[in-house]
Amino acid sequence: MSAQSPEPSGRKGRVAALRAAEVRHARTRRWLVSGLVVLVVLAVVGVIAVVIADNQGSSAPSGVPAQPRTTAEGRTTPPPWDAPADAAAAVKAAGLPVLGAEGTALHIHTHLDVYADGQPVTVPALVGIDESAQRISPLHTHDTSGVVHIESPVTADFTLGQFLTEWQVSASADHLGGLRTDATHALTAYVDGKAVGGDPAAIVLHAHDEIALVYGTAAENAAVKVPSGYDWPSGL
């Protein structure tokens, strides 16, 4: 009986080549799948990051208007005018936000003097500050010095009308609270000692402005020494 003839070497080579090709194809498929998974994960992470950023931006806006109010609404009674009991409501009426902390993008101060019938009127402490809720407007007072603090999270214009509304004192060219102009009484606004016309509520507050509102008869107003500046403490 004759011996079985050996398998041709060419066939073995083709089988080995096919198996090697299958291994390469399987490895390539695994790489492709892994790459696709990585790309999908990166895309999802990117979408989540954008959503978080958008939500953070929309949930914590500055609330400071680009165009400040130029009118003043509030009490139409004679002075004195205490700080409003509901500070948050007064701040909202002024169109301003109540913040958890003082802003730092804009930090300036102005000074306000008010005279009625020849006598100074106190600008009260805590205008624009809600102590019970620990919230604060970017426009506020800390004490009775007349210094108005502007500490905003964004750079913007602020007006005397916003502050007077926070103080809840109505004002325009013809009245200040319950003090109305007539044939014998005038209301004049001054900035750095110079009289300015129009509605005092439209006055824009600038760093170290000295603003004075003077109401009374000609004789009473003449007796008032309208300040042209303020002796600013160090650091303000």
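## Exercises on a predicted model

The protein chain has an average pLDDT of 85, and 74% of its residues score at least 70; pLDDT is the predictor's confidence in each residue, from 0 to 100. The model is predicted, so local features need pLDDT of at least 70 and side-chain atom pairs count only at pLDDT 80 or more, while totals for chains, interfaces and linings use all residues. Residues are numbered from 1 along each chain as its sequence is written, and side-chain values use heavy atoms, with hydrogens and water left out.

**Exercise 1.** Classify the ring pair F163 and W167 as stacked, tilted or edge-to-face.

Solution. 
- Rings of Phe, Tyr and Trp (its six-membered ring) pair if their centres lie within 6.5 Å; planes under 30 degrees apart are stacked, over 60 edge-to-face, and the rest tilted.
- The structure holds three aromatic pairs.
- For F163 and W167 the centres are 6.1 Å apart and the planes stand at 50 degrees, so this pair is tilted.
- Both residues belong to helix α3 (residues 160-167), and because they are four residues apart there, about one helical turn separates F163 from W167. Helices (H or I, at least four residues) and strands (E, at least two) are DSSP runs, numbered from the N terminus.
- F163 and W167 are both buried. Buried means under 20% relative accessible area, exposed over 50%, and partly exposed in between (1.4 Å probe, protein chains only).
- Ring pairs also join W81 to F163 and W167 in a cluster.

**Exercise 2.** Classify the pair Y230 and W232, and state how accessible each residue is.

Solution. 
- The centres lie 4.9 Å apart with 85 degrees between the planes, and the pair is edge-to-face.
- Y230 has a relative accessible area of 26%, so Y230 is partly exposed.
- W232 has 16%, so W232 is buried.

**Exercise 3.** Describe the surroundings of H140.

Solution. 
- H140 is part of strand β5 (residues 139-140).
- Its relative accessibility is 0%, so H140 counts as buried.
- A polar atom of the H140 side chain lies 2.8 Å from the backbone oxygen of S137.
- Beyond its neighbours within four places in sequence, H140 is in contact (heavy atoms within 4.5 Å) with residues including E102, V127, H149 and E166.

Notes
Polar contact = N/O pair within 3.5 Å; in protein donor to acceptor, adjacent residues only side chain to side chain.
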